[in-house]
Amino acid sequence: MSYFNATMTGRARQLVSLYPEPRSALVPLCHLAQEQDGWLTPEAMEEIAELVGVTPAEVRGTATFYDMLHTEPVGRYVVAVCTNIACLLDGAIELLAHAQERLGVPVGATTPDGLFTLEEAECLADCDHPPCVQVNHRFVRTTTAAAFDRLVEELSAGGHAEDIPAHGTLVRVRRSGGLRVDAGQIARERAAQEGSG
Amino acid sequence: MPLTDAPRIMTARLGDPDSYTIERYLETGGYQALRKALTMTPAEVAAEVDAASLLGRGGAGFPAGRKWSMLKKDPVTSLVVNGDESEPATFKDHLLIERIPHQILEGVIISAYALQVTRAFVYVRGEFALGLERMEQALNDAYHHGAVGADIFSSGFSLDIVVHPGAGAYICGDETALLESLEGKRGFPRIKPPYYPAVIGLYHQPTVVNNVETMANIPWIVANGGAAFAALGAGRSCGTRMFALSGHVNRPGPYEVEMVKVSFRDLIYAEELGGGIRADRELKAFIPGGASSPWFGPEHLDLPLGQDEVGQAGSMLGSGSVVVMDSSTCPVRAAWRITKFFFRESCGQCTPCREGSGWLERILYRIENGGGREQDLDLLLDICDNISPGVHWPPEQTTICPLGPSIPPSIASSLLRFRDDYLVHIKDGGCPHG
Ligand SMILES: Cc1cc2nc3c(=O)[nH]c(=O)nc-3n(C[C@H](O)[C@H](O)[C@H](O)COP(=O)(O)O)c2cc1C
Ligand code: SF4
Ligand code: FES
């Protein structure tokens, strides 16, 4: 163990223990790594591979399938503007154009100061507040250009530490309950499976 | 309940901003249905759900009771709950996960008991950061309350639940892709047969997959009996259902209404629901059940919100999302954006879906932006025909999963309805809607 820091290592081990098969923890572990560093570094992928018993290439191959997992550095804030159908009907393309102008970068790019990465999102399931914007996967509900600009200013000044935490969708998720089902049972299931497969 | 006097099964607790806490849940009768279920036999609980005629709320509308009866109980079985909600303009599970996680969990625990399953997974869309926090907290509290874990409420029944985060991929909503994802792999839909996860599912073991809203109905059904649920609605469409209304209405939002007893017109125009179209514009068209469903026009407004009724009229209720487009809407732009969505989200396993979606997107883009040619309209339909032969409804499926055949309906139905709009784009060299 060298990539995850001490606290993260504990959480990583707990995540692996939740599943009958360690590989199931692969994506949650990627979220943890992003919480630590903002993105999935090669070292992170190596350690995750070790934790779940696959090759680093398999971790990379899996991670690149998912939009939320970044195999390259991203800004401190990932700003996602939805332009799917409900938001499209309410000015999303225009808001996205404004966001590019305000941040000075095209979709997919990061501002030179490393603060913002802009993304064009698919439907974020908040279609009654169009156009929908998320920052680090928090719904910010800035539906106008003016509100968007205000948020960018506040974030640039270090605001919103409470409501828009850093990366990692599990950053405030902690498991304290269970597992109470007999660990021996899971071990037996695994053995039975190995026997049959 | 707007318009009828049906009980609020999904939304009764939502008036309270703290509805997600265990304290509020217990104060409002939470986990009483679970206690009742544990005094019944698992078969009795399953029989109530079967009698309720609860159609799955995830999009396919498969009867939950029948799905449960198909589960092969050998060797180890799982229950997986689909909270990946990513179908465009669908936003009801998002609400339920954030606001009533305990009601969902109680449904999961009761279902697991009925199915005699000792482990369950709740897959929550990765972008729902707050939803994941609320669901995990609810789960922790449910463990400490004794409602999950070993020997639940001293009944002898044990169950463990894991809340699993997704990571951004629409295709993982498909149940077989969801299972792959839960196994830590790319979300590639599985090749059929076997058709049903109930035969081979998670870790190659029999698995029931149900939607979040489906689960949230279970406590009410157990508390009040399957017959009471079946008495709501009509035909096969029983109970109430969440509809996510968006687009050009005065009051977009998620609404719970009694199935069949309420029409699209009610949903869009009733004061307590959509409140009519903005600026009193005319209705141009509406999408009745998610991005995969053929569009409807004003002549369909009086159709009741029932699965078979909408199916027979040539579309589907699907994921329960209704998108309203007023007279100012450009149908080419709308069809283009929906097609772009499928292009971005195609997993790439099947050639017609992978290649066809991008080709269609590019053609629609050039029509919208002034580069369209007259032969493009036939070309669009020809490509659609290659993805789903015949381009009819319900669509033919030759691909691994239903995403491919979901691409043609918005193109074909908008073209059928608004061919003149398309032609003006081509003739004038651009979008007349500005
Ligand atoms: C491309 C695709 C996306 C889907 N997305 C979802 C989804 O986000 N949530 C969901 O519950 N079902 C979704 N489904 C349907 C599931 O495959 C499955 O039918 C459903 O989860 C079963 O639950 P139910 O019987 O309770 O409805 C999707 C299906 C397809 C083909
Ligand atoms: S139809 Fe499309 S999304 Fe479905 S498996 Fe094939 S390529 Fe993937
Ligand atoms: S269409 Fe933008 S959030 Fe749903």
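A salt bridge is counted here where a side-chain nitrogen of Lys or Arg lies within 4 Å of a carboxyl oxygen of Asp or Glu, and by this rule the count comes to 29 salt bridges over all chains. The model is predicted, so that local features need pLDDT of at least 70 and side-chain atom pairs count only at pLDDT 80 or more, while totals for chains, interfaces and linings use all residues. Residues are numbered from 1 along each chain as its sequence is written, chains are lettered from A in the order in which they are written, and side-chain values use heavy atoms, with hydrogens and water left out.

**View 1. A salt bridge joins B:Arg278 and A:Asp90 across chains.** The N to O distance is 2.8 Å, and the pair runs from the loop between α11 (264-269) and β9 (283-287) of chain B to the loop between α5 (85-88) and α6 (92-103) of chain A. Helices (H or I, at least four residues) and strands (E, at least two) are DSSP runs, numbered from the N terminus. B:Arg278 is partly exposed at 25% relative accessibility, and A:Asp90 is partly exposed at 24%; buried means under 20% relative accessible area, exposed over 50%, and partly exposed in between (1.4 Å probe, protein chains only).

**View 2. B:Glu133 forms a salt bridge with A:Arg138.** The closest N and O atoms are 3.0 Å apart, linking helix α7 (residues 129-145) of chain B with strand β4 (residues 138-139) of chain A, and both residues are buried.

**View 3. Within chain B, the side chains of B:Arg190 and B:Glu183 meet in a salt bridge.** The N to O distance is 3.0 Å, and both B:Arg190 and B:Glu183 are buried.
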